[in-house]
Amino acid sequence: MSEKLPEWMVRAFSRLRLARYLRAARGDALVAERLYWWNVEASAALYGPLHCLELALRNALHRQLSWAYGRGDWWAVAPLNPNGQRLVAKARAKCERRRPVPAPPDDIVAELSFGFWASLVSGGSGYDRLFWVPTAHKAFPCYSGRRDTLYDGLWSLVLLRNRIMHHEPVHHRDLAADHAKIYRMLGYIDPELAKEARSMDRFPSVLASRPDALRGARTPRF
């Protein structure tokens, strides 16, 4: 059993970060190294479907809320809770740091996070009555279940997306279930997009190559 990771790897990624992979590999440095690179590969493969879901969710909700309030900057009159208002103000400020003029609605929409859009489906702050019942449910034309079930699914994917974007381990998750959930959520919004995204999806082949199935495989260099 190998117990030492390459020095260049420790230097680049830190001993603390790599310790989590060593623990998962039960101290075998060769397996830990392969697991680290597989985590990178799996994260990259999940990025595409998550990209589609985040943008589809954003645009579907923005479209419905713009129609409901009769204006592109619907957040100016909608009953957002204090955290929602803070996130809008933060997005506006970020836009106006780049270009010191009043930020157009489309720019603010693009700056608002996946978490902001998913929160509009939550039941907190009366959002179920204020947003879901009159408007937000229309962003999910192929969904007929409970709001809280939909929200729980979306929020779990927000957390997955954040781990991926912050280069955290995801190898320990049930990634097959996460992957299926992405397409389930995407199908509620736009089945055509879900079908097209799946046709380009390489995650199933990446999942099949996870290190516990290829313990002796040569570590890729990239």
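This is a predicted model: local features need pLDDT of at least 70, side-chain atom pairs count only at pLDDT 80 or more; totals for chains, interfaces and linings use all residues.

Colleague: Aromatics, then. How many aromatic pairs does a search of the whole structure find?

Modeller: The search gives 12 aromatic pairs. One of them joins Tyr-21 and Tyr-36, edge-to-face, with 4.9 Å centre to centre and 65° between the planes.

Colleague: Which helices do Tyr-21 and Tyr-36 lie in?

Modeller: Tyr-21 is in helix α2 (residues 15-24) and Tyr-36 is in helix α3 (residues 29-69), so the pair ties together parts that are 15 residues apart in sequence.

Colleague: Tyr-21 and Tyr-36: buried or exposed?

Modeller: Tyr-21 and Tyr-36 are buried. Tyr-21 and Tyr-36 also belong to one aromatic cluster with Phe-13 and Trp-37.

Colleague: And Trp-74 with Trp-75, what is the geometry of that aromatic pair?

Modeller: Trp-74 and Trp-75 are edge-to-face as well, at 5.4 Å centre to centre and 70° between the planes. Both tryptophans, Trp-74 and Trp-75, are buried.

Colleague: What lies over the face of Tyr-183?

Modeller: Arg-198 does, at 4.0 Å from the ring centre of Tyr-183.

Colleague: Switching to salt bridges. How many are found in the whole structure?

Modeller: There are 9 salt bridges in the whole structure. Among them is Glu-168 with Arg-20, at 2.9 Å from N to O.

Colleague: How accessible are Glu-168 and Arg-20?

Modeller: Glu-168 has a relative accessible area of 21%, so it counts as partly exposed, the cut-off for buried being under 20%. Arg-20 is partly exposed too, at 28% relative accessibility.

Colleague: Which residues are linked with Arg-20 in a network of salt bridges?

Modeller: Arg-163 and Glu-168 are linked with Arg-20 in that network.

Colleague: What about Arg-71, which residue does it form a salt bridge with?

Modeller: Arg-71 forms one with Asp-73, with the closest N and O atoms 2.7 Å apart. Arg-71 is partly exposed at 34% relative accessible area, and Asp-73 is partly exposed at 24%.

Colleague: And Glu-111, which residue does it form a salt bridge with?

Modeller: Glu-111 forms a salt bridge with Arg-98, where the closest N and O atoms are 2.8 Å apart. Glu-111 is in helix α5 (residues 105-111) and Arg-98 in helix α4 (residues 82-98), so the pair ties together parts 13 residues apart in sequence. Glu-111 is partly exposed at 25% relative accessibility, whereas Arg-98 is exposed at 53%.

Colleague: Which helix gives the most to the lining of the largest pocket?

Modeller: Helix α4 does, with 5 residues. At least two lining residues come from each of α3, α4, α5, α6 (114-119) and α8.

Colleague: How do the residues of that lining divide into nonpolar, polar and charged?

Modeller: The lining of the largest pocket has 8 nonpolar, 3 polar and 7 charged residues.

How values were computed:
Residues are numbered from 1 along each chain as its sequence is written. Side-chain values use heavy atoms; hydrogens and water are left out. Rings of Phe, Tyr and Trp (its six-membered ring) pair if their centres lie within 6.5 Å; planes under 30 degrees apart count as stacked, over 60 as edge-to-face and the rest as tilted. Helices (H or I, at least four residues) and strands (E, at least two) are DSSP runs, numbered from the N terminus. Buried means under 20% relative accessible area, exposed over 50%, partly exposed in between (1.4 Å probe, protein chains only). A charge sits over a ring if NZ of Lys or CZ of Arg is within 6 Å of the ring centre and within 35 degrees of the ring normal. A salt bridge is a side-chain nitrogen of Lys or Arg within 4 Å of a carboxyl oxygen of Asp or Glu. Ala, Val, Leu, Ile, Met, Phe, Trp, Tyr, Cys and Pro count as nonpolar, Asp, Glu, Lys and Arg as charged, and the others, Gly among them, as polar.
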